[in-house]
Amino acid sequence: MNNDILHRYLFDNADVRGEIVQLENSYQEVLSAHEYPVAVQHLLGELMAATSLLTATIKFTGDISVQLQGDGPVTLAVINGNNEQVLRGVSRWNGDIADNASLQEMFGKGYMVITLTPDEGERYQGIVSLDHIDLAACLEEYFNQSEQLPTQIKLFANGKQAAGMLLQVLPTKSDQNDDFEHLSTLTSTIKAEELFSLDAPDVLHRLYHQEEVRLFDPVDVTFKCTCSRERSGAAIKTLSQAEIEVILAEDGKIDMGCEYCKNTYSFDAIDIAALYAGSHSSDAQQ
């Protein structure tokens with residue numbers, strides 16, 4: 001059984017669409033790179049679910065980044081993804097953070113930046129403050145600002161599993177989107193335990209058993225880091241020759257570590273020379 005899937009659904013008698021995402025393996029992959037505080041673990045899970053839901057609302061081929069920044073003990077949390085529902089993420093923090101810390105307690109004065117980078121076309125960036133009660137409310141404000149479409153978002157994470165739901169009015173001129181308030185009331189009754197333990201069809205039946213719902217085929221959500229030896233080599237080439245020589249003299253090699261997956265790519269003097277000669281060094285990863 002795949003524990004990382006996203007479903008889309010539509011209501012036949014209302015111009016409203018929905019999504020449900022349930023994550024476990026990909027969530028654990030993201031958490032395994034660092035010993036995150038409990039509150040940050042939960043935040044990254046919610047952020048992963050949110051990024052997956054956001055990606056599914058956008059018809060484009062390209063990348064998406066949902067990034068939180070602030071001046072509190074958590075300075076950064078980011079999930080990067082793409083239209084194929086491939087996600088990776090990382091967070092940076094300092095000091096002790098309470099297990100039940102709120103968004104404001106973690107980030108202080110902060111903001112969320114959502115960046116869409118299509119393979120073709122212009123890059124789009126939206127920014128909202130983190131002064132709402134939780135991440136879901138911040139995302140609802142983003143949709144209110146960017147698309148003016150009534151949107152409801154529910155996000156849950158417990159350190160093992162993460163899940164989310166999105167309900168949104170379709171951009172039509174029909175009067176049927178007046179049913180959004182009724183459907184939103186039904187959706188608001190969902191509990192974390194239900195999303196963690198039930199399959200999507202069972203969740204939808206429990207919520208909307210008196211509605212006509214069309215559930216589409218699921219899409220797999222996966223973790224994959226985009227780091228590589230080639231990218232690490234390109235980053236080394238941005239250093240000055242003097243910096244490189246100092247590091248090689250002190251350590252005998254340059255180690256390039258990836259924050260997202262903790263892989264390390266090592267380059268000795270011969271590797272560095274090959275980089276500048278335009279040739280490719282060994283793909284061996286250390």
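First, the ground rules. Residues are numbered from 1 along each chain as its sequence is written, and side-chain values use heavy atoms, with hydrogens and water left out. As the model is predicted, local features need pLDDT of at least 70 and side-chain atom pairs count only at pLDDT 80 or more, while totals for chains, interfaces and linings use all residues. Helices (H or I, at least four residues) and strands (E, at least two) are DSSP runs, numbered from the N terminus.

I begin with helix H2, residues 38–57. The expected span of a helix is 1.5 Å times one less than its number of residues.

H2 packs against helix H4, residues 135–146, at an angle of about 20°, with the axes 11 Å apart. The two are therefore roughly parallel (angles under 35 degrees; over 145 counts as roughly antiparallel). Axes here are lines fitted to C-alpha atoms over the stretch in contact, and angles run from 0 to 180 degrees between N-to-C directions. The crossing of H2 and H4 is right-handed, that is, the near helix is turned clockwise from the far one by less than a right angle.

Which residues make the contact? H2 supplies Glu46, Leu47, Ala50, Leu54 and Thr57, and H4 supplies Leu135, Leu139, Tyr142 and Phe143. Contact means heavy atoms within 4.5 Å. By class, the residues of this contact are 7 nonpolar, 1 polar and 1 charged.

The second pair is H9, residues 241–251, and H10, residues 269–276. Their axes come within 11 Å and cross at roughly 160°, so H9 and H10 are roughly antiparallel. This crossing of H9 and H10 is also right-handed. Gln241, Ile244 and Leu248 of H9 meet Ala269, Ile272 and Tyr276 of H10. That contact has 5 nonpolar residues, 1 polar and no charged.

Last, glutamate 259, in the loop between strand E13 (254–257) and strand E14 (264–267). Is glutamate 259 buried or partly exposed? Its relative accessible area is 33%, so it is partly exposed, the class between buried and exposed, the latter being over 50%. Leaving aside neighbours within four places in sequence, glutamate 259 is in contact with Ala33, His34, Val90 and Arg92. Histidine 34 is 225 residues away along the chain, yet the two C-alpha atoms are separated by 8.6 Å.

Definitions and conventions:
Angles under 35 degrees count as roughly parallel, over 145 as roughly antiparallel, 65 to 115 as roughly perpendicular and the rest as oblique. Ala, Val, Leu, Ile, Met, Phe, Trp, Tyr, Cys and Pro count as nonpolar, Asp, Glu, Lys and Arg as charged, and the others, Gly among them, as polar. Buried means under 20% relative accessible area, exposed over 50%, partly exposed in between (1.4 Å probe, protein chains only).
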